[in-house]
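This briefing is meant to be read with the structure open alongside it.

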Amino acid sequence: MFTGIVREIGKLQSIKPVGDTKIRISCRRAVESIEIGASIACSGVCLTVVALGSSESGTWFDVDASAETRAKTTLGDWVEGGDVNLEPALRLGDELGGHIVSGHVDGVAEITAIASEGGSHRVTFRAPEGLGRFVAPKGSVTLDGVSLTVNEVEDRDGATFFGINVIPHTWDVTTLGHSAVGGRVNFEIDVLARYVQRLAEAS
């Protein structure tokens, strides 16, 4: 489990289609603070550390991604030299600063508009098909691993659009600061919305 509070931006060192896709990511964390088998959210995708080490450029760790993961996330868009948001798994006693995030991406959302509002940015997204019903004003969503609050929701032309206000700090310390219209982000609905929907169906 995660909180959607990104700890740092990692760098994609290599992406190799060896069986599953093997990805090497560099980061600032001390190598001693990472364990083989640990879960790390990489731009919202929960991936398992299968190897790690350090070099002159810092710490690195390897993860494997299946074809299913590539199909359901933006992982297929990743390129060597690109950036990814990183968050280690939540530990007992850690502060829950965002909301409960599973790291199981539900789909890919598209950026449709970006506008400056004071020092912040208002970003509008098109929700993945079939998932718009899980997005509500003042509710939580996870976008590329970042816990964010929905400002407004609009259903039109057979799709759901929602707006997020990204404060300057979040814009600066996550990959959202690289956002552009037409960009794709990993989208995870609030876990509470899953259960509400299931209860509604059961009733």
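## Briefing on the predicted model

Aspartate 144 sits in the loop that joins strand 9 (140-143) to strand 10 (146-156). The coordinates discussed here come from a predicted model, and the points that follow should be read with that in mind.

- Most residues other than glycine have a negative phi.
- Aspartate 144, although it is not a glycine, has a positive phi of about 50°, and with a relative accessibility of 10% this residue counts as buried.
- Aspartate 157 likewise has a positive phi, near 55°, in a residue other than glycine, and its place is the loop between strand 10 and strand 11 (159-166).
- Is aspartate 157 buried or exposed? Aspartate 157 is exposed, because its relative accessible area of 76% lies over the 50% cut-off for that class.

**Threonine 73 and its surroundings**

- Threonine 73 belongs to the loop between helix 1 (67-72) and strand 6 (83-88), where its relative accessible area of 5% makes it a buried residue.
- The side chain of threonine 73 comes to 2.7 Å from the backbone oxygen of threonine 69, and it also reaches the backbone nitrogen of leucine 75, at 3.1 Å.
- Once residues up to four places away in sequence are set aside, threonine 73 touches Val45, Val105, Val108, Arg184 and Asn186.

**The largest pocket**

- By residue class, the lining of the largest pocket is made up of eight nonpolar, seven polar and four charged residues.

**The second largest pocket**

- About 290 Å³ of space lies in the second largest pocket, which is lined by 18 residues, and those nearest its centre are Val146, Ser147, Leu148, Ile167 and Thr170.
- Two or more residues of this lining come from each of strand 10, strand 11 and helix 2 (168-173), and strand 10 gives the most, with five residues.
- The lining of the second largest pocket divides into eight nonpolar and 10 polar residues, with no charged residue, whereas the lining of the largest pocket includes four charged ones.

**The enclosed cavity**

- How many cavities of 30 Å³ or more does a search of the whole structure find? The search finds one, and the volume of the largest cavity is about 40 Å³.
- The cavity is lined by Arg7, Glu8, Cys27, Arg29, Ile40, Phe61, Leu86, Glu87 and Pro88, and strand 6 gives the most to this lining, with three residues.
- The residues around the cavity comprise five nonpolar, no polar and four charged.

**Cysteines**

- The count of disulfides in the model comes to zero. Cysteine 42 is in no disulfide, and the nearest cysteine sulfur, that of cysteine 46, is 8.4 Å away.
- Cysteine 42 counts as buried at 0% relative accessibility, while cysteine 46 is partly exposed, with a relative accessible area of 27%.

**Alanine 38**

- Alanine 38 lies in the loop between strand 2 (20-27) and strand 3 (39-42), and with a relative accessible area of 24% it is partly exposed.
- Apart from neighbours within four places in sequence, alanine 38 is in contact with Leu47, Thr48 and Val49.
- Alanine 38 and glycine 182 are separated by 144 residues in sequence and, from C-alpha to C-alpha, by 33 Å in space.

Key
Residues numbered from 1 in each chain as written. Predicted model: local features only at pLDDT ≥ 70, side-chain atom pairs only at ≥ 80, totals over all residues. Heavy atoms only, no water. Helix = DSSP H or I, 4+ residues; strand = E, 2+ residues; numbered from the N terminus. Buried < 20%, exposed > 50% of the residue type's maximum accessible area, 1.4 Å probe, protein only. Polar contact = N/O pair within 3.5 Å; in protein donor to acceptor, adjacent residues only side chain to side chain. Contact = heavy atoms within 4.5 Å. Nonpolar A, V, L, I, M, F, W, Y, C, P; charged D, E, K, R; others polar. 1 Å grid on protein atoms, 1.4 Å probe; cavity = no way out; pocket = protein on both sides within 12 Å on 5 of 7 lines; lining within 4 Å. Points joined across faces, edges and corners; volume = space filled by probe spheres on them. Disulfide = S-S within 2.5 Å.
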